[in-house]
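Have your viewer ready, and try each task before reading its solution.

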Amino acid sequence: MLLQVALPVPLYRVFDYSLPADSRALPNGTSAHIPPIGSRVEVSFGRQTLIGIVIAHIAAADSDVPLNKLKPINKCLDAEPILDTSMLKLAHWLARYYHYPLGDVLAVMLPTLVRQGKPLDLLITHWRILPHVSDDDFRANAKKQKQQFEMLKLHGEHGASEDILLLEGMQRSFLKALEEKGLIERYIQNKQAPAPVKLATMPLDLNEEQQLAVTAIIAAHEDKQYTGFLLNGITGSGKTEVYLQAMQAVLEAGKQVLILVPEIGLTPQTRARFASRFAAHIVLLHSGMNNTHRLQGWQDCRTGHAQIIIGTRSAVLYPFADLGLIVVDEAHDGSYKQQDTLRYHAADVALYRGLQANIPVVLGTATPSLEHLKLVDDGKLVECQLQTRPGNAKLASMQLIDARLQSTHQQTTNEGARYDTGLTDALIGAIRQTLEAGDQVLIFLNRRGYAPVLLCEACGWQADCPRCDAHLTVHYNSHSPSNSHSSSSYLKCHHCDWQAYIPTVCPDCGSQNLDAKGMGTTRLSENLHAIFANPQTSKALYPIIQIDRDTTRRKDSWENIYQRINEGKPAILVGTQMVAKGHHFPNVTLVCLPNADRGFLSADFRSPEHTAQLMVQVAGRAGRGDKSGRVLIQTLQPDNELLLKLVKDGYLSFARELLQERKMMGLPPHSHAALIRCEGKTLAATTQALKDAIAILPNGHNLAVLGPIDAPMSKKNSRYHVQLLLLGKDRQQLHRVLHHWWQPVLALPSAKYLKLTLDIDPVGW
């Protein structure tokens, strides 16, 4: 008997090993024991020692390697399989569909500590509230301690692990302080079967559309059959309530529920929403967790201790004891597509896992991707529409402001110089009116920093990144000391993180006429501060809250910002696309998009779709409470047909027109794509490698071949990028060609010192 082992190496094959002569290398110490399929083994591979997964037992006669050449495994790490048959089947499907080595696929699927061969059961500190402790045990001025206590209280009588609590914003110092006061205790949790899920609060009343969706999902669950649902609901239409009520039937049947969210920032608020409805063991899974907590979460999913699992895209690759429902929230979002290593799309994998387990899968979104609309047309997804908001809430109205007809607002500096704020008087008037009414305003600008480029007005020099084909973004804060070498004033490339001081004179001509052109969120915030300042004190009349990666980098920063917003006081929120995804700001009644329509002019054929999705998602933050909302779009192209279609007829009509255009042009989703990227030290070498790849395409491949062409950013981090696009009308034909062609491409002499990657169903070119 021999073992076939998949190893984490970039080779499209598995490796044969023999059983060890020393029985001590086997889990039960007997030579009769054979490491089970799906278990981990430690093996020698060249000069390395690697951890691999046993994927098959074969007879000695079936091996291509002579017996005297075979190495024995060093030891078996698991007495029982850690990956069952369904997980191994998933790994084989991923390897086959994305044309990626099986060993590397398994490495992506396993947490770091599992890949390293560590034991699966680790002791983790948990915290819980002691019996008979109440809010009355706090002094009136102990507000912070009480707030931290309330966070732990959300986890019920069993509490939560320290890792989870720290991720949610609790601090070790407060945990220790509360422990010293005898209010909470730490303990090592002994894993027991979780208690049956109970309702913590009663469900809300559903409207007719919501009830139809819930009934359909529950029927699929009860029939134990796979059905993919597209829950197509406008923003604020109550999609989450549909999830909650569909989940109730699944959880009461003792099944697990997986909820995928597009980014880490949404996991705490999603957890709070689900914890307020269900008394259940809820597990969070995302890349912000340490290795120990990710292993514990993986184990909880595998053993069935996790009842509700909330995670980002990698959670779809976890093993589950008894999964009953998968929900993919904001299913259109591009962050569900992995952009390196195994380039999978979490929504596609979720649909496959639903088919594999015969369970329903719900893709929820207000702006469905064209791919998902095409699946509805093909009968592969069942569409459930939610076109009304619960109660009296109305969908925010959209209005265009023609920036060609209105001059943008001019502001005067302390030195008397005039500058352009980038906002029209009409937009500023609407902002002022909303604030005076006691409401909040959200201004969306998807560009962080102070300005996108530093320009010399004398000679035209631009501050460019020395390692990328990109401008350096100006980061500058006028409230810091006015010194170009200040730590808060610098030039930065957002692609490779190159940083430099802001020069005082032009490096080319020596002129001091350097000007930061364009606008980022920091500059817009400063302009708004000046516009809405008290003339006597120069202080802003209203809080201006900047929300981007720069202001939310620190721990707890996003939670603190969220708390400020939900105080409900009049304020101006200035944010990037971080604010577009699923956030509930009940007091925002006006959303302004001063520069959101640039995406309609991009060379990427997907850009209009992605731009419209972003605009609609941002617009959906307005009027989510009892007050009506409106959206103002400042534009220099008010006659753009796509923009007018979106504003007048809504996203669905807009998307249907785009879908028809794609069909006429033979572009995805009416064709199937594979994108080959080549990266190297010189542009000539990368281009030649892709030309050689085209030359070995099999005859009669029936594919459209576009390229090789420079990537959208041809130079990044001192490496040159060229790409090649293959389009086929028949998906199976495309994969047949790739199956026979891709490995020979990697073996081309011209590709020897280059990095070649294959992206199936790319979301960007």
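Two residues are in contact when heavy atoms lie within 4.5 Å. Helices (H or I, at least four residues) and strands (E, at least two) are DSSP runs, numbered from the N terminus. The model is predicted, so local features need pLDDT of at least 70 and side-chain atom pairs count only at pLDDT 80 or more, while totals for chains, interfaces and linings use all residues. Residues are numbered from 1 along each chain as its sequence is written, and side-chain values use heavy atoms, with hydrogens and water left out.

**Exercise 1. Describe how helices H16 and H18 pack.**

Step 1: Find helix H16 at residues 607-619 and helix H18 at residues 651-665.

Step 2: List the residues that meet. Pro608, Glu609, Ala612, Gln613 and Val616 of H16 touch Tyr651, Phe654, Leu658 and Arg662 of H18.

Step 3: The angle comes out at about 175°, and the axes are 11 Å apart.

Step 4: Classify the angle. Under 35 degrees counts as roughly parallel, over 145 as roughly antiparallel, 65 to 115 as roughly perpendicular and the rest as oblique. H16 and H18 are therefore roughly antiparallel.

**Exercise 2. Work out the strand order of the open sheet that four strands form.**

Step 1: Apply the pairing rule: two strands pair if DSSP finds at least two bridges between them. S31 (residues 672-680) and S33 (residues 719-728) pair in the antiparallel sense over nine bridges, and Ile676 stands opposite Leu724 in S33.

Step 2: Extend to the whole sheet. The order is S32-S33-S31-S34, with antiparallel pairing. Strands S32 (704-716) and S34 (755-760) are the edges, each pairing on one side only.

Step 3: H19 (residues 683-695) lies across S31, S32, S33 and S34, at about 20° to S33.

Terms used:
Axes fitted to C-alpha atoms, helices over the stretch in contact; angles between N-to-C directions.
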